[in-house]
Amino acid sequence: MLRYTVRRLLQLVLVLVVLSLLLFLWLRSLPGGPVTAMLGDRSTPDKRAELTSVLGLDQPLMVQYGKFLGRVAHGNFGQSTGVAPGDSAIGVFADRFPATVELAIGALLFALVFGIPLGYLAARRRGGWLDNAGVVTSLLGVAVPVFFLAFLLKYIFAVKLGWLPPSGRQSPDIDATRVTGFFVLDGLLTREWDASWDAVKHLILPSIALGTIPFAVIFRITRSSVLDVQNEDFIRTAEAKGLTNRTIRSRHILRNALLPVVTVTGLQVGALLAGAVLTEKVFAFPGLGEALSIAFTKKDYPVLQVLILASATTFVLVNMLVDLSYAVIDPRIRTS
Amino acid sequence: MTRTSSAATPDLFAGPGAPGSSGSRGAGPLLSVQDLHVQFRRRGVEPFDAVDGVSFDVAPGQTVGLVGESGCGKSVTSLAIMRLLAGRTTRVTGRVDFEGTDLLSLSRGEMRDRRGRDLAMIFQDPLSSLNPVVPLGVQVGEVLQRHRGMRRSAALREAADLLDQVGIPDPGRRIKEYAHQLSGGMRQRALIAMALACRPRLLIADEPTTALDVTIQAQILSLLRSLVSDHGTALIMITHDLGVVAGLCDEVNVLYAGRVVERAERHELFERPAHPYTHGLLASIPRLDAAAGERLTPIRGSVSDNIPWTHGCAFAPRCEREIDTCRQRTPELVPHDERRGDHLLRCHNSVPLDQVVAEGLAGPGHVARAGHEAAVLDRAATGPADTAGGTR
Ligand SMILES: Nc1ncnc2c1ncn2[C@@H]1O[C@H](COP(=O)(O)OP(=O)(O)OP(=O)(O)O)[C@@H](O)[C@H]1O
Ligand code: SF4
Ligand SMILES: [Mg+2]
């Protein structure tokens with residue numbers, strides 16, 4: 001188990017090295033090169049020359065890459081040029097990270113809380129109305145573009161019905177104390193319940209919009225996995241023992257059927273950032289996804305670098321956690 | 001049928017004949033299956049009667065064999081008794097009286113209360129029959145929690161005892177282990193422990209040794225035999241192996257195409273097999289005393305060559321004794337001859353005894369010779385269990 005963890009960590013380092021190389025080459029291939037990338041198009045020739053020598057762009061490629069790695073390791077990506085001009089790129093990341101994590105957790109909760117039970121019920125009553133409705137919904141869920149769904153939810157539940165706030169993370173009239181930057185958590189820590197609740201309300205619609213694809217995927221995997229498991233011989237053994245439906249469901253069907261669900265959930269976490277770009281834009285939700293779209297349009301390369309490295313790291317880390325948790329929940333892997 | 005399977009026959013002449021184990025037939029049957037039909041109906045396919053009017057009784061403590069080739073309906077019969085067949089595509093009719101109650105008329109909840117407590121079952125493939133991600137102790141203990149209302153910790157302690165009783169060494173450690181950590185024989189022992197945990201009055205064993213190594217087969221059979229006779233449990237032994245029947249069963253039902261074609265007490269069946277199909281099964285057992293080069297005579301054709309019972313005798317296309325009547329009239333299951341009312345037969349032209357004798361097939365000795373290693377194996381089986389194969 002320890003050796004396994006170490007091996008996965010080494011893999012992570014390798015992935016990051018390769019990624020940084022790609023990033024480095026990408027920056028050099030930009031029109032105008034990294035100087036334009038960091039200073040923007042409208043910089044004076046003097047400043048450009050200065051930065052060129054500061055960055056060592058007149059030096060050999062390998063040396064440049066070495067320096068680039070050194071800066072990355074120190075979290076020194078330069079200053080944001082578009083998202084929050086003047087702030088450090090890494091600071092922009094730190095500001096917005098909690099927002100996106102909250103949104104991702106909301107989306108995953110939505111996907112898991114509805115996907116697993118509905119997937120289970122659909123499989124157990126295969127061909128019933130719930131099964132058919134679920135299969136159609138999950139097909140729609142994957143097919144409907146995220147931004148369209150986000151607009152639709154916002155239009156119906158925020159604009160027309162006014163049940164939920166249309167944008168942002170917190171209502172302006174709430175004066176909340178900031179502790180961790182995770183708004184829901186902050187409210188709980190400081191006992192400012194209304195601030196927490198307000199943050200939750202801001203999360204609901206974006207979470208549904210972002211969580212719909214993971215929901216659809218988890219629903220379908222759970223359904224097909226339960227369909228497989230319920231035909232296994234050991235389920236027949238459990239029935240032959242006269243066990244209650246409840247025991248058969250939780251101990252015998254779900255414990256086996258959820259193994260693939262864990263894997264798929266991990267993959268979905270990786271895919272969330274892509275969806276977050278669109279969702280956060282529609283709901284003006286100040287997270288990493290929104291930063292990414294601003295950074296792209298405003299050519300804020302320092303921020304882009306941080307975001308790309310961070311999302312890749314998250315992806316690899318999450319998959320590593322999934323593999324490890326797989327080993328924890330599946331004794332066949334753990335004990336061999 | 002292979003040589004290996006008959007070699008697994010444990011001690012042939014002890015066991016079922018011994019007093020006490022054959023049960024008291026006068027006391028009325030424990031289980032009475034009457035005119036059981038199981039029909040599979042799937043959309044686009046002709047409805048298919050996998051079990052087509054099977055009747056038999058099991059007395060308390062008695063061991064009854066269901067024998068026949070693959071596909072003759074042995075498993076479906078047993079699953080129907082346990083009410084473990086999927087509801088929507090199968091139709092089960094007839095009666096399955098267990099201690100006077102028709103199991104088929106019970107509600108699902110009432111049946112659930114009885115399964116594992118009054119009647120239990122073990123299956124062919126011990127690996128796939130165990131949950132791979134639940135520790136063995138929990139899988140044994142959950143039966144006790146369910147039917148005896150035991151607490152989890154007490155059930156686990158009892159589970160260790162039960163594993164010990166079925167010959168699993170170091171049960172305290174084994175209850176924390178998983179199916180993949182045991183050998184095939186150990187897995188089947190664990191399943192037997194689960195099935196017998198609540199001391200059911202009836203155990204159904206569906207080819208419990210088919211998936212196991214030869215030496216292990218003998219051990220499992222002798223374990224089953226001693227457990228059912230110790231507990232007074234009645235046993236329905238499902239097998240395609242006449243060697244197993246000879247070593248274990250008091251009474252034998254030979255099934256063909258969903259119907260019983262011959263039923264007799266064990267000695268009677270081996271001494272006077274009268275149905276051409278039974279005769280064919282016996283002739284296809286490998287014999288150690290056979291002259292070198294002598295061929296086995298398997299039954300020609302395969303189960304798929306059946307004709308429907310409504311058109312005559314289903315076995316006719318494969319039968320060597322077929323006469324004109326066989327495809328005109330469906331044979332009924334009737335007493336073979338008046339002097340032996342217990343020997344039932346479904347055939348228009350049964351095999352005469354002198355032919356059986358002439359071919360050297362009469363008597364369980366034939367099967368015994370086929371499996372003469374059995375005695376050796378049986379002794380091995382009473383020694384320490386297959387510890388060597390304990391972990392894989
Ligand atoms: N769920 C099902 N749907 C349709 N047909 C089935 C189903 N289960 C079994 N059958 C058919 O019923 C017949 C009897 O099957 P069964 O499993 O009882 O045979 P068996 O005597 O146990 O054979 P084996 O020695 O191979 O276990 C077979 O022809 C089989 O194909
Ligand atoms: S009834 Fe006829 S075909 Fe059927 S087993 Fe007897 S002799 Fe053979
Ligand atoms: Mg079978």
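Close-up 1. Taken alone, ligand 1 exposes 640 Å², of which the protein buries 65%, the areas coming from the Shrake-Rupley method with a 1.4 Å probe and, for residues, with only the protein chains shown counting as cover. A polar side-chain atom of B:S70 lies 2.4 Å from an oxygen atom of ligand 1, and a polar backbone atom of B:C72 is 3.3 Å from an oxygen atom of the ligand. Residues are numbered from 1 along each chain as its sequence is written, while chains are lettered from A and ligands numbered from 1 in the order in which they are written. Because the model is predicted, local features need pLDDT of at least 70 and side-chain atom pairs count only at pLDDT 80 or more, whereas totals for chains, interfaces and linings use all residues; side-chain values use heavy atoms, with hydrogens and water left out.

**Close-up 2. The shell around ligand 1.** The ligand is surrounded by 13 residues, the closest being B:S70, B:G71, B:K74, B:S75 and B:V76, where a residue is near a molecule or strand if one of its heavy atoms lies within 4 Å of it. Helix α2 of chain B gives the most to this shell, with 3 residues; helices (H or I, at least four residues) and strands (E, at least two) are DSSP runs numbered from the N terminus. By class, the shell holds 5 nonpolar, 4 polar and 4 charged residues.

**Close-up 3. The shell around ligand 2.** Residues of chain B surround this ligand, among them B:H275, B:C313, B:C319, B:C326, B:C347 and B:H348. The shell divides into 7 nonpolar, 3 polar and 1 charged residues.

**Close-up 4. Two arginines with positive phi.** A:R191, in the loop between α8 (183-189) and α9 (193-229) of chain A, has a positive phi of about 60° although it is not a glycine. B:R199, in the loop between α7 (184-196) and β7 (202-206) of chain B, likewise has a positive phi, of about 50°. Most residues other than glycine have a negative phi.

Note on methods:
Polar contact = N/O pair within 3.5 Å; in protein donor to acceptor, adjacent residues only side chain to side chain. Nonpolar A, V, L, I, M, F, W, Y, C, P; charged D, E, K, R; others polar.
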